[in-house]
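Keep the sequence and the model side by side as you read.

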Amino acid sequence: MAPKRGGVSFAKNRSKGSHFPLLVFFLLCVLAPAVFFLRRDQGDSAVPSKQVAKWREWKSLQDLKSLFPKEVIDVIVSSTHDMGPLSLDNFRKNNLSASWRSVGLETSNATYELNQPTAHARQEKPKVKGGKSSDGRDQWIDSPTRQARRQLIEKRREKRAAELVKLDGEVIVKLENAAIEHSRSVESAVLGKYNIWRREIENENADSTVRLMRDQIIMARVYLNIAKMKNKLELYQELQSRLKESQRALGDASSDADLHHIVHDKMKAMGQVLSKAREQLYDCKLVTGKLRAMLQTADEQVRSLKKQSTFLSQLAAKTIPNGIHCLSMRLTIDYNLLPPEKRKFPRSENLENPSLYHYALFSDNVLAASVVVNSTIINAKDPSKHVFHVVTDKLNFGAMNMWFLLNPPGNATIHVENVDDFKWLNSSYCPVLRQLESATMKEYYFKAGLPTKLSSSASNLKYRNPKYLSMLNHLRFYLPQVYPKLDKILFLDDDIVVQKDLTGLWDVNLNGKVNGAVETCGESFHRFDKYLNFSNPHIARNFDPNACGWAYGMNIFDLKEWKKKDITGIYHKWQNMNEDRVLWKLGTLPPGLITFYGLTHPLNKLWHVLGLGYNPSIDRSEIENAAVVHYNGNMKPWLEIAMTKYRSYWNKYVKYDHPYLQNCTLKD
């Protein structure tokens, strides 16, 4: 038992002696690494973090030297210094290939320009002069090349900034100029004196008082009716008295400057009585009803005035001004006083010479015909080769002859005829004359829809237009009969002005067509369906509604082809079918479109520009480049309603210094 006890005691003593080595082993395994890292951190803390970063960059570049050539390393260094830490995104954005080449400053500049937006947002890193850091590593030193490059970059930045500032200034100036031009157009447009650039809070309106008085008058009328309805006689009389005073004070004034100084007293008195009326009479439903009734009445008045305006404008367009009527009468008197031997024009042998340039002019307006002839001769290269065939009516035959006898067209030839002398042009041959003699046509032109009021007759005036009843207007369909010896002739309306030599029209190849004319159709207007009744089976079966329309006014006609295709016979056929006006209503253009359907050759648009008698927005360059300008529409240049912006093109060919024009007070 003793040994056992001793064994146990030995074992216990042994176990106690083994604790120290285990403790030492534990300390070595656990504490030693901690001490090592702690010591390392303390040692590294002596080196600034910036220096560590630079050392790492330097170490990385040293490792790359074995992989890339020196040129590539230079680009990497430049990118690292100027654009921040190096990354693959820099190369992807710059699209740099594997075959980089650095040529002086060019590569560096290119790198900067590609990254310019990012470079502007960065700040340059501070540079440390050459030497060694505390850990003994070499620091980066800026080379002269890099310094020069950095200076160049700064200069480019300054230059770019200056350009941007200048560009902003130019843009602002352009915007201001555009705003000024726009404001001018607004002031001259329908808005009148009101200016969209003006704030009413800052600038008092020039007509604010006028508008306030008009508002007071409207409300006074409303309360006047309500006062009468509610039997408020005293208030009714007071409102009526103030209303008359305000109307007299306002008169026809359109701005505050037109008002008398006493209007402020009238406004104050009206305001007081309106306040009184509001207290006694105001009823929302009644006031609203009265205002609605007044609005409807005003709307009816506006429509009536528009009809009257249309009637008067058409009346002004169809009547002859006093000056032109005076001119025609004076010339007629003097022509009748001439002996017969002095009434003849020279060079009559040229009238049937087909080798010359012949013009057909059918007009009853002496002044207008003189402008057509005068403008054509002035712009002709060789006036001696031009022949004018003028046809007029019996009333103006003497005046037309006398004018051109007194004012011969230079070396050109002219001849005046009377349409009543064409004996072949009678009702048995011409459908229009036969229809005009019928009772139904007389009813249509002179009595149908005869208005009882001026305002309702605007749409009926056109049916009594003298040009629809005059054979001068329909004579254009009988050119081969009027001039049987000619091969080609240029037809001119009397409301045109010639601005260039027209002899080139005789050289235009019509490709077998009869009529050479300028087309007038656009995307959706001036096509056949505008002029013809396509609900009629004869029209729908024979014509295309989308076919392009063309213009009368300057047309070159091949009279040989005219005779071959019997154009006059085609015109007669369709005119007979339209006796009841079921194919078209009025005018000579619809039958012209039908007659020359498929037989019209389109001319260059510069030969003939239309719309000066109705369109105020024709481009000036288009007018000035045109060979012929046409005042088609109601606003003819010899009328007071003419558009002043276009009148100068016509006026320069009028002889306003002529004694006849001065005696008849025809002035520019």
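Start at Leu 502, which, leaving aside neighbours within four places in sequence, is in contact (heavy atoms within 4.5 Å) with Tyr 359, Leu 490, Trp 607, Ala 627 and Val 628. A word on what you are looking at: this is a predicted model, in which local features need pLDDT of at least 70 and side-chain atom pairs count only at pLDDT 80 or more, while totals for chains, interfaces and linings use all residues. Residues are numbered from 1 along each chain as its sequence is written, and side-chain values use heavy atoms, with hydrogens and water left out.

Leu 502 also belongs to the largest nonpolar core, a group of 63 residues in which Leu 327, Leu 490, Leu 502, Leu 505 and Trp 650 have the most contacts. Helix H14 (residues 366–378) gives this core its largest share, 8 residues. A nonpolar core here is a set of buried Ala, Val, Leu, Ile, Met, Phe, Trp, Tyr and Cys residues joined through side-chain atoms within 4.5 Å; buried means under 20% relative accessible area, with a 1.4 Å probe and protein chains only.

Now turn to strand E4. Helices (H or I, at least four residues) and strands (E, at least two) are DSSP runs, numbered from the N terminus. Because 4 of its 5 residues are buried, E4 is largely enclosed by the rest of the structure. What does E4 pair with, if two strands pair when DSSP finds at least two bridges between them? Strand E1 (residues 357–362) runs parallel to E4, joined by 3 bridges, and Leu 361 stands opposite Leu 492. Strand E7 (residues 554–558) pairs with E4 in the antiparallel sense over 5 bridges, with Ile 556 as the bridge partner of Leu 490.

Lys 488 lies in E4 as well, a strand covering residues 488–492. Not counting residues up to four places away in sequence, Lys 488 touches His 358, Trp 506, Val 508, Phe 557, Asp 558 and Leu 559. A polar atom of the Lys 488 side chain lies 3.3 Å from the backbone oxygen of Trp 506.

Finally, step back to the whole protein, with its 29 helices and 10 strands. Buried residues make up 39% of its 668 residues. Of the contacts between residues at least 6 apart in sequence, 74% join residues at least 24 apart.

Notes: Polar contact = N/O pair within 3.5 Å; in protein donor to acceptor, adjacent residues only side chain to side chain. Buried < 20%, exposed > 50% of the residue type's maximum accessible area, 1.4 Å probe, protein only. Pairing = 2+ DSSP bridges.
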